[in-house]
Amino acid sequence: MAKGIQDYTTQESVAPYIKAVQVVADTVYDSCRAVFSKTSAAHVLTVNGEAITFTTMQAGVIYPISATACTSTNVIFLY
């Protein structure tokens, strides 16, 4: 079951990120705290159960998006 905002310990809440997961395309994960883009491209991320295309994402940038899936393997979910 995915963690809710109240389920994080103080250590987890104040740490920037405690875990990174290399995404496997079209696999559903727990909701992440942010998304790291490995390539400059448009990525289709699932946010609140909806597939949304995020265009012009830049390589090497951390985006504060809480997603559960991606159609690309070129992103890393940060927790």
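Predicted model: local features only at pLDDT ≥ 70, side-chain atom pairs only at ≥ 80, totals over all residues.
**Entry 1: strands around β3**

I started with β3, residues 41-47, and looked for its partners. Strand β4, residues 50-57, pairs with β3 in the antiparallel sense, and I got six bridges for the two.

Next I checked the connection. β3 and β4 make a hairpin, with two residues between them. Asn-48 sits in that turn, and its phi is positive, about 50°.

Then I asked myself which strand β3 joins through two bridges. That turned out to be β6, residues 69-70, and the two run antiparallel.

**Entry 2: the aromatic pair**

How many aromatic pairs does the structure hold? I found one. The rings belong to Tyr-29 and Phe-77, with 5.7 Å from centre to centre and 85° between the planes. I logged the pair as edge-to-face because the angle is over 60 degrees.

Tyr-29 is in the loop between β1 (20-22) and β2 (34-37), while Phe-77 belongs to strand β7, residues 75-78. They are 48 residues apart, so I wrote this down as a link between distant parts of the chain.

Buried or exposed, for Tyr-29 and Phe-77? Both came out buried.

**Entry 3: a charge over a ring**

Last, I looked at Tyr-79. Lys-19 lies over the face of this ring, 5.0 Å from the ring centre.

Notes
Residues numbered from 1 in each chain as written. Heavy atoms only, no water. Pairing = 2+ DSSP bridges. Helix = DSSP H or I, 4+ residues; strand = E, 2+ residues; numbered from the N terminus. Phe/Tyr/Trp six-rings, centres within 6.5 Å; stacked < 30°, edge-to-face > 60°. Buried < 20%, exposed > 50% of the residue type's maximum accessible area, 1.4 Å probe, protein only. Lys NZ or Arg CZ within 6 Å of the ring centre and 35° of its normal.
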